[in-house]
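Here is a short report on the structure shown below. Topics are taken one at a time.

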Amino acid sequence: IIFFAGAQLVMQSVTKLAHGSFGSDESTIAIIASLISIGGKSVLSLLQYHYGNLANSDIVKANAANMKNDIIMKKTLTIITLMLLSIAAVASADGSALVSWYTFGDVYLSSVRAVLDAALDATGLAYQDYDANANQTTQTEQVQTAITKGSSLLIVNVVDTGSNDAAQNIIEMARGAGIPVIFFNRSVDQAVIESYDKCVFVGTNYEEAGHMQGEMIGQYVLANYDALDLNHDGVISYVMFKGQEGNMEAIARTQYGVEDADAVLVAAGKAPLSFYDSNNANKYLVDQNGSWSAQAANDYMNTILSQYNLANGNMIELVIANNDDMANGAVNALQSAGFNNPGVSAITIPVFGVDATDTAKDLIDRGMMTGTIKQDAEGMANAIALIAVNYLSGADALAGIDASMLEGTWKVAIPYGVYS
């Protein structure tokens, strides 16, 4: 009876582990019952063996021996069950990570998602990707639902970066559930991250991308000034495509991409860059949907080229984009107008982006685009995966992260690079 009871407990454990349906209450009751049974049978076995010796009864001693064997089997089955319960507990903790993305439509984030999915798969952690579709309300609801369902970790590419409210709200929900949060890519203020001891940010020093792009543009324009000055007025006219209003990365790239280029030019005795439309006080064109999209830049560029062109003597001479997707949209428009197709068109308008997506690197390699700033998708994804494992295993969150990328205990800063 003891053997079959223990065997049944093991079979139930195996079945529930396979289906991920362990109930902690019923498992605890089963284990307690088994331990009580083992204790009682142990006492009874000792008594039978003692009185069997006193009575010199082989039957009583044999019964005591059989009971002892049953106890050994019961102990073995109970140990196996405990091991299965432990495995189930780990599987349950590891299998409840939410990964919420600002949008699935962003080309660079798609590259991060591909690497991150592979990295999380390699760790054995289960997870679910969610598309917030550039809607903060949608993302907040996704997070709340995941917490309600028992998620043990939140990995969030926050939608709204225009204020701290969205990120802080997610932190408060996580704090209430006692689970960690990893924010990534889209900027979250240090004060917000440090408001919760189970929270870190994996991203970049976003100003750096703008500075590096501006320096690259300035050096390129300076080296090719006469060739770029198509109307020979001594000034290089440009258009700036901004990805999103209120986004700190977009703001920094829009500002420093021009300021740092101007600094290089002015230091060499050249005129600063001139925005093509003197009536545009902002000196940029923004994706009104906040999607940093190729389509937005393509539509803008097609409209621009209908008025600002070689025939009118006011051709756009330089294109600067906050990201590679917008740069790609501009290249497509230029190619449709007969530019940026080496071997076919005589003139290539320099186009600069940020991210070093595969598409952008291919365009650069083929001479259709000029340069980009590499945002390391693989480095970001691997750091997130490592931190996720650290949190769920109880290790220090930043254990194993390259010390050169750490900023205190709140941030992992993935370095940028130049691709041209």
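## The cavity

This is a predicted model. The lining of the largest cavity is made up of five charged, four polar and four nonpolar residues. That lining has 13 residues. Nearest the centre of the cavity lie D106, N185, R253, W292 and Q375.

α4 (107–123) and α10 (248–267) each give at least two residues to the lining of the largest cavity. The volume of this cavity is about 160 Å³. The count of cavities of 30 Å³ or more comes to one.

## Aromatic pairs

The structure has seven aromatic pairs. One of them joins Y220 and F352. Their ring centres are 5.7 Å apart, with 70° between the planes. The pair is edge-to-face because planes over 60 degrees apart count that way. It links distant parts of the chain: Y220 belongs to helix α8 (residues 206–223) and F352 to strand β10 (residues 351–355), 132 residues apart.

How do the two partners sit relative to solvent? Y220 has 30% relative accessibility, so Y220 counts as partly exposed. F352 has 1%, so F352 counts as buried. The cut-off for buried is under 20%.

F275 and Y276 make another pair. Their ring centres lie 4.9 Å apart and their planes meet at 45°, so this pair is tilted. Both F275 and Y276 are buried. These two rings also belong to a cluster: ring pairs link Y238, F275, Y276 and Y308.

## Charges over rings

Two lysines sit over tyrosine rings. The charged end of K242 is over the ring of Y284, 4.4 Å from the ring centre. The charged end of K270 is over the ring of Y225, at 4.7 Å from the ring centre.

Which way do the side chains of β4 point? V181 and F183 point one way from strand β4 (residues 181–184), while I182 and F184 point the other way. In a regular strand, side chains alternate between the two faces of the sheet. V181, I182, F183 and F184 are all buried.

Which strand pairs with β4? Strand β3 (residues 153–156) runs parallel to β4, and three bridges join them.

Methods. Residues are numbered from 1 along each chain as its sequence is written. This is a predicted model: local features need pLDDT of at least 70, side-chain atom pairs count only at pLDDT 80 or more; totals for chains, interfaces and linings use all residues. Side-chain values use heavy atoms; hydrogens and water are left out. Rings of Phe, Tyr and Trp (its six-membered ring) pair if their centres lie within 6.5 Å; planes under 30 degrees apart count as stacked, over 60 as edge-to-face and the rest as tilted. Helices (H or I, at least four residues) and strands (E, at least two) are DSSP runs, numbered from the N terminus. Buried means under 20% relative accessible area, exposed over 50%, partly exposed in between (1.4 Å probe, protein chains only). A charge sits over a ring if NZ of Lys or CZ of Arg is within 6 Å of the ring centre and within 35 degrees of the ring normal. On a 1 Å grid over the protein atoms alone, a cavity is a set of points where a 1.4 Å probe fits but cannot get out, and a pocket is an open set with protein on both sides within 12 Å along at least five of seven lines; lining residues have an atom within 4 Å of a point. Grid points are joined across faces, edges and corners, and a volume is the space filled by probe spheres set on the points. Ala, Val, Leu, Ile, Met, Phe, Trp, Tyr, Cys and Pro count as nonpolar, Asp, Glu, Lys and Arg as charged, and the others, Gly among them, as polar. Two strands pair if DSSP finds at least two bridges between them.
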